[in-house]
Amino acid sequence: MRYVDNQVTIIGAGPVGLLLTILLGQKGHEVVLVDRWQSIYDRPRAVTMDAEVARILASLGIDCDSDPAFENHQELYYWKNADLQDLQIVDWESVAPCGWHVTYWFNQPEFEARLMSMAEASKSITILRGWQAIKLLNGDDGVAVELRQTPEIFGPDGDRCTLRSQYLVGADGANSFVREALGSPIMDRGYFFDWLILDMIPDADYKMSPAQWQLCDPKRPTTLVPGGPGRRRWEFMVLPDEDPNEIAKPKAAWELLKPWGLTRENAELERSAVYRFQACWAEQWRFGRSMIAGDAAHLMPPFAGEGMCAGLRDAVALGWRLNGILQGHLSDNVLDSYESERKPHARHYIDFSQQLGDIICITDPEQADQRDKAMIADLIARDYAPITGDHVKLGPGLWCENTPGAGQISAQGCVGYSGKQGRFDQVVGQGWFILCANTDTKTLLSDPQFELFKNLDGRILSVGPAGAGFDVDDIEDFYKNWMAELAVTYVIIRPDFYVAASSNTSAELHGCFDYLMAALHASAD
């Protein structure tokens, strides 16, 4: 039996595990990433991401607006009934307040390969592929996980080893070994719908307009969306009297695609699979030095396109906390707020996805007719105005609940800084910030407060018009308008882009700052 010591072990090399591995590796932490398979699964799964995830990827140097692996159609998303009347119009064409387009499309195998290359390039990251966890000991001073080479690949007599680490994260999917080993109970909504997923590579001249829409036909609810550059996806609800195994066969798939002009002659069927959409979450996400994230912690129907997005948010939330702990700047107790913040946030999208599914998955003609009449009436009443996404707050945690904008993703505009212009994150950076709508930054914090903030690599910057003595040039008055909307002068922003607190006076700022620092450094006593 071999023993390997490291700082963090991550089980599961999907997008969530890879992102967390990269974030910790960038800070020089020793990370071991474990996956039971030797290579990336080469079939599409997730195909869409939101503006917040685009912002996260930009911090890794991936620009979803210019990178050829991503696409944004800058079109509205339509829901239509069986007669192709509009039932709902959703804004998927605008730029979100956080600076990126509302929706992007991509091919998951290519995305995972990109992240894997980044992880492989880090000297502090060790990747073990073809290994699976079989035993977990979660101690007060560290975590030990026993691994064996995957029997399906190496047979029953494969090698074994034990990893000993300060912390462990299970990002090992819906059938998570880590979650089961830790004993976290599952809250299951009992929400089950089977849908056939067809991933297609049509000929280059194939076009669909609109590019993204939902057919709410009780005879066969259908989703039609891009699948990344050069790809498209069809999702067909499996009806109650249908055999999921039969409908997933290529012959049945091609029959369903006929009305959409796709044949074996003008398209490639890349993947045909029936998925059971579920709505459930783990009741506990942290067990001392072990945590779970992504599908190991929550599953949601894909109707809002937020499943993978929620998991990547988990990774970022864990990343800055673990980094601060391992650097000795934060208390281990900040991991409690990972669960308290992220679980309600993920549950919001589970609830929202389920609500969308309840509308879409109607197969009774009378119920569908009632739905259509109500939705059309609502659409007419608001003069066909598209709806926009809401600002989802974190659950209670490391933010000041009674201050405007706190607990929400911070807005992001284009700025000028050190001779460069662009989005704030790419021009100024990422981390802890206090942004000021005036130039009073040098005496804003007391000396002890400043030292605490300095230990977090925190920066205090004024944002305002060019040539007026501000640290950052506020192009097009974006930050001026954002702060005016919040009615504040100061905003504290965390490394995960979320607003930790805001205030209108320096005295209020001091109170918020002291509250946050006490929470970040609180011991277990």
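L137 stands opposite A144 in β10. This is a predicted model, in which local features need pLDDT of at least 70, side-chain atom pairs count only at pLDDT 80 or more, and totals for chains, interfaces and linings use all residues. Residues are numbered from 1 along each chain as its sequence is written, and side-chain values use heavy atoms, with hydrogens and water left out.

Strand β9 (residues 131–138) runs antiparallel to β10 and is joined to it by 7 bridges; two strands pair if DSSP finds at least two bridges between them. Strands (E, at least two residues) and helices (H or I, at least four) are DSSP runs, numbered from the N terminus. With 4 residues between them, β9 and β10 form a hairpin.

β10 also pairs with strand β11 (residues 160–170), in the antiparallel sense, over 6 bridges. The partner of V143 in β11 is S165. Because 5 of the 7 residues of β10 (residues 143–149) are buried, this strand is largely enclosed by the rest of the structure. Buried means under 20% relative accessible area, exposed over 50%, and partly exposed in between (1.4 Å probe, protein chains only).

**Helix α4**

F154 lies in helix α4 (residues 151–154). At 35% relative accessibility, F154 counts as partly exposed.

**An open sheet**

An open sheet is formed by 7 strands in the order β23-β22-β26-β25-β24-β27-β28, with mixed pairing. β23 (420–423) and β28 (499–503) stand at the edges with a single partner strand each, so one side of each has no neighbour in the sheet.

Within the sheet, 4 bridges join β24 (residues 433–436) to β25 (residues 459–464), and these strands run parallel. The bridge partner of F433 in β25 is R459.
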